Amino acid sequence: MNPQGSGVINLDQYEKLGDDIDKVGSCAELQETAERILTSLYAENTAIQDQLDKLEPIAALLEAPASIDDVLDWITGLIDGVLTPLYAPALAYPTQLAARTVAITTLIDQINDKANQFSSCSITLPTPPVP
């Protein structure tokens, strides 16, 4: 298997999808198979295009600035078009961790309550990894 990105596309994937089509035994099954295959492939295309769109600000920075004004524009483009969008998702992490901790605690309580409904039920719960 080639590492992701080392080839243009994984041709084996398309051959296997073609095999799925060949194995169809009815028109209804063909309809379901066609919808499943094409919906998945179109979603992958959309995901690829979304990633390309996200890289446009980086591509704009590949040309070296020619003047002081261009340097200022280049730095502004780096901050606004690359660094800020890269960092933005991290702003939600502390809130996500707090909410997840509450949700996990609630689920642990629910597991323990459920275990108490069974006689001689002892549950060993996994513990979070230590950072």
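This is a predicted model: local features need pLDDT of at least 70, side-chain atom pairs count only at pLDDT 80 or more; totals for chains, interfaces and linings use all residues.
1. Residues are numbered from 1 along each chain as its sequence is written, and side-chain values use heavy atoms, with hydrogens and water left out.

2. Helix α1 covers residues 11-22 and helix α2 residues 27-60; they pack at about 160°, axes 10 Å apart. Helices here are DSSP runs of H or I, at least four residues, numbered from the N terminus. Axes are lines fitted to C-alpha atoms over the stretch in contact, with angles running from 0 to 180 degrees between N-to-C directions. That angle makes α1 roughly antiparallel to α2 (the label applies over 145 degrees).

3. On the α1 side, the contact (heavy atoms within 4.5 Å) is made by Q13, Y14, L17, D20 and I21. Helix α2 brings L30, T33, R36, I37, L41 and E44.

4. Now for the salt bridges (a side-chain nitrogen of Lys or Arg within 4 Å of a carboxyl oxygen of Asp or Glu): the whole structure has two. R36 pairs with D20, closest N and O atoms 3.7 Å apart; this pair joins helix α2 to helix α1, 16 residues apart. R36 also meets E32, at 3.8 Å from N to O, and these two sit four residues apart in helix α2, about one turn. Together, D20, E32 and R36 form a network.

Conventions:
Angles under 35 degrees count as roughly parallel, over 145 as roughly antiparallel, 65 to 115 as roughly perpendicular and the rest as oblique.
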